[in-house]
Amino acid sequence: MRYNVLTFCILVVAQMLICNYLHISMYLTLTLLPVLILCLPTRIDTLRAMIIAFAAGFAVDFAAEGVIGLNIAALLPVALMRRKVCGAIFGDELLARNEDFSVQKYGAYKVIFAVAIVHAVFLAVYIWADCGQSKPFSDNLIRGIVSFIAGLLISVPIADMLTKEERR
C-alpha cells in the first residue's frame with residue numbers, strides 16, 4: 001500500500017468545505033478526520049500521528065470551524081489510540097511488521113469496527129467540547145447517534161479508498 005499525502009490533503013480540504021457549506025441539521029456533524037488519522041501508515045509512530053492530527057485539526061478549525069481547538073481536542077485522542085485500536089482489532093503482528101490494514105486483507109467487518117471506534121471517540125469529545133454543558137443530554141445523544149451513523153456511512157468507503165493495496 002502506498003499512502004498518498006496529496007489524497008490526505010484533499011480530504012482535509014473536503015472536511016473544510018463540509019464544515020463551511022454543508023449545514024443539514026443541528027443534529028448532524030459530518031467529519032472525515034478520524035478515518036484519515038486511523039488510516040495513516042503504521043510506520044508512523046504515535047507522536048508523529050498526533051502532530052499530523054494536530055495540524056489537520058488546526059487547519060480545519062482555523063479555516064472552517066472558527067473555534068480553534070475543537071477538532072484538535074477531538075482528533076488528538078484518536079491519534080493517541082490509533083495503534084492500540086489497530087493492534088487490538090487487526091493483531092499485534094500488523095504493528096510489529098509495520099504493515100498497513102486494508103479491507104481486502106482483514107475484511108470489511110474489522111475495518112468497519114475500527115472506524116466505528118475512532119469515530120465514536122472523536123464525536124464524544126467533539127460534542128462534549130462543542131456544547132456538552134449548554135444543551136440537554138438528550139439533544140447531545142441524538143446528535144451523537146445521527147452523526148455517528150452518517151459519519152460511518154461516509155468514512156468506511158474513505159477507509160477502503162485510503163487503504164487499497166496496490167496490485168503488483
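Is R143 buried or exposed, and what is its relative accessibility?

Reply: R143 counts as buried, at 7% relative accessibility (buried is under 20% relative accessible area, exposed over 50%, partly exposed in between, with a 1.4 Å probe and protein chains only). This is a predicted model, in which local features need pLDDT of at least 70 and side-chain atom pairs count only at pLDDT 80 or more, while totals for chains, interfaces and linings use all residues. Residues are numbered from 1 along each chain as its sequence is written, and side-chain values use heavy atoms, with hydrogens and water left out.

The partner of R143 is D130: the two form a salt bridge, with the closest N and O atoms 2.9 Å apart (a salt bridge is a side-chain nitrogen of Lys or Arg within 4 Å of a carboxyl oxygen of Asp or Glu). D130 lies in helix α7 (residues 108–131) and R143 in helix α8, so the pair ties together parts that are 13 residues apart in sequence (helices are DSSP runs of H or I with at least four residues, strands are E runs of at least two, and both are numbered from the N terminus). D130 counts as partly exposed, at 36% relative accessibility, whereas R143 is buried.

Elsewhere, salt bridges that share partners join R97, E99 and K105 into one network. R97 pairs with E99, and the closest N and O atoms of that bridge are 3.5 Å apart. E99 also meets K105, with 3.9 Å from N to O. R97 is exposed, with a relative accessible area of 52%, while E99 is partly exposed at 24% and K105 is partly exposed at 39%. The whole structure has four salt bridges, including the D130 and R143 pair.

N98 sits in the loop between α5 (92–96) and α6 (103–106). N98 has a positive phi of about 55°, although it is not a glycine. With a relative accessible area of 42%, N98 is partly exposed.

Back in helix α8 (residues 137–162), I149 has its place and counts as partly exposed, at 48% relative accessibility. I149 belongs to a nonpolar surface patch with F137, L141, I145 and L153, and together they have about 550 Å² of accessible area. Patches are made of residues with over 30% relative accessible area and no salt bridge, joining like charges within 9 Å and nonpolar side chains (Val, Leu, Ile, Met, Phe, Trp, Tyr) within 5 Å. The accessible areas come from the Shrake-Rupley method with a 1.4 Å probe, and for residues only the protein chains shown count as cover.

V85 lies in α4 (residues 70–90) and is buried, with a relative accessible area of 7%. Apart from neighbours within four places in sequence, V85 is in contact with F90, A114 and I117 (contact means heavy atoms within 4.5 Å). V85 and L38 are 47 residues apart in sequence, and their C-alpha atoms are 8.7 Å apart. F90 is also placed in α4 and counts as buried, at 3% relative accessibility. Leaving aside its neighbours within four places, F90 is in contact with V85, F101, Y106, K110, V111 and A114. The C-alpha atoms of F90 and L75, 15 residues apart along the chain, are separated by 21 Å.

I44 is in the loop between α2 (33–38) and α3 and is buried, at 13% relative accessibility. Not counting residues up to four places away in sequence, I44 touches A49, I52, R82 and R83. I44 and V146 are 102 residues apart in sequence and 32 Å apart in space, C-alpha to C-alpha.

I52 also takes part in the packing of α1 and α3, where F8, V12, Q15, M16, C19 and N20 in α1 meet I52, A56, A59, V60, A63, A64 and E65 in α3. Helix α1 (residues 5–21) and helix α3 (residues 46–65) pack at an angle of about 35°, with axes 9 Å apart. Axes are lines fitted to C-alpha atoms, for helices over the stretch in contact, and angles run from 0 to 180 degrees between N-to-C directions.
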